[in-house]
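The sequence and model follow.

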Amino acid sequence: MIIHVKKGVSAELLEKMAVFYEAIQITNEDHIKLVTPSKVKTLEDQFADLVDDYYVLSDDIQLASKQYKSARAIQVGDLTIGGNSKNTIVISGPCSVESRELIEHSAAFLKDSGIKIMRAGSFKPRTSPYTFQGLGSKGLELLTEMKEKYGLKIITEARDATHIDEIIEAADIVQIGAKAMYDQGILRKCAKSNKPVLIKRGFGSTLQEFVQAAEFVLSGGNEQVILCERGIRTFESKTRFTLDLCGVSYLKEYTNLPIVVDPSHAMGYSYGVADLTRASVAMGVDGVLIEVHPNPKEALSDAAQQLNHNQFSEMLQTLKPIAESIGRNMI
């Protein structure tokens, strides 16, 4: 249950309610909320005069639920994602910051292509310790330099909680990857920040677990959360993962958070990325996240799934008519 407490209620009474309901307290400039476990279904008479409104939710998808709030808009500088904006934003860039030459080449290309948010990883959560692990802090410095030079917004991934403060400081959007979706250190740090956060679905996570990860950030006071479907592991071995567009439909129907789809990681091979991206745009998602590299064959990570610049440009031209056909703006 989410309780909106009246302004002017004393700290003593607020604490009494929070303890009684075992509730998390969220205090913003405009309001005070108490979020109880979802098993709480009734408001006690003793507290009725202290409350403006309250919402009973069926499970622990609460702050992200459409039963509570119909839509949330995320503001990234002058860009609006989600809410009633009808924007579908293209986020793109190489898998990793490999070198100054690579990231500069990529930033210039994206700028010329009209892309406003560049993605690239500096701290790489690789599956093997013997592969490229990213440039770390040096990579963040290069991203910051490209941001200032080309006027791009930056999204980059936190590998673990040891460097989350650096990521929050440097990024316009903090990406919590599939392997870090359950990392409480990252989630709770992001909850105390006001930076937009994009959470990727763990490849073995249910939709309930996925959205509850977002609840950790929301209940900590940060309302700027984006969900990203990036494929789940199934019995199928011919593709890297399986893009769960059924799950996207569920998220659109039952949650109020912006939804971004990452076809690159789902497919794992460049040949299928354009088709999956078009399918995602046709579903009316709030954004797509595409990996693109000047020379994918030489990429130090995820080489098979990255589009080259020509492939990306050809795909990009096909997206705007699809978006317009369902009343959305491709940005």
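## Basis of the description

A residue is called buried under 20% relative accessible area, exposed over 50% and partly exposed in between, computed with a 1.4 Å probe on protein chains only. This is a predicted model, in which local features need pLDDT of at least 70 and side-chain atom pairs count only at pLDDT 80 or more, while totals for chains, interfaces and linings use all residues. Residues are numbered from 1 along each chain as its sequence is written, and side-chain values use heavy atoms, with hydrogens and water left out.

## Cysteines

A disulfide is a pair of cysteine sulfur atoms within 2.5 Å, and by this rule the count is zero. Cys 246 is exposed, with a relative accessible area of 65%; its sulfur is 17 Å from the closest cysteine sulfur, that of Cys 228, and therefore too far for a bond. Cys 190, in contrast, is buried at 1% relative accessibility. The sulfur of Cys 190 also has its closest cysteine sulfur in Cys 228, at 15 Å, which is too far for a bond.

## Nonpolar cores

A nonpolar core is a set of buried Ala, Val, Leu, Ile, Met, Phe, Trp, Tyr and Cys residues joined through side-chain atoms within 4.5 Å. The largest such core has 72 residues, and Met 118, Ile 199 and Phe 312 have the most contacts inside it. Helix H6 (residues 207–219) gives the most to this core, with seven residues; helices (H or I, at least four residues) and strands (E, at least two) are DSSP runs numbered from the N terminus. Another core, of 15 residues, lies apart from it and includes Ile 3, Val 5, Ala 18 and Tyr 21.

Contact means heavy atoms within 4.5 Å. Not counting residues up to four places away in sequence, Phe 312 touches Val 90, Ser 92, Phe 109, Ser 113, Ile 115, Ile 290, Val 292 and Leu 307.

## Strand S14

Five of the five residues of strand S14 (residues 287–291) are buried, so the strand is largely enclosed by the rest of the structure. Gly 287, Leu 289 and Glu 291 lie on one side, with Val 288 and Ile 290 on the other, and both faces are covered.

Two strands pair if DSSP finds at least two bridges between them. Strand S7 (residues 87–93) runs parallel to S14 and is joined to it by five bridges, while strand S13 (residues 259–261), also parallel to S14, is joined by two. Gly 287 is the bridge partner of Ile 89 and of Val 260.
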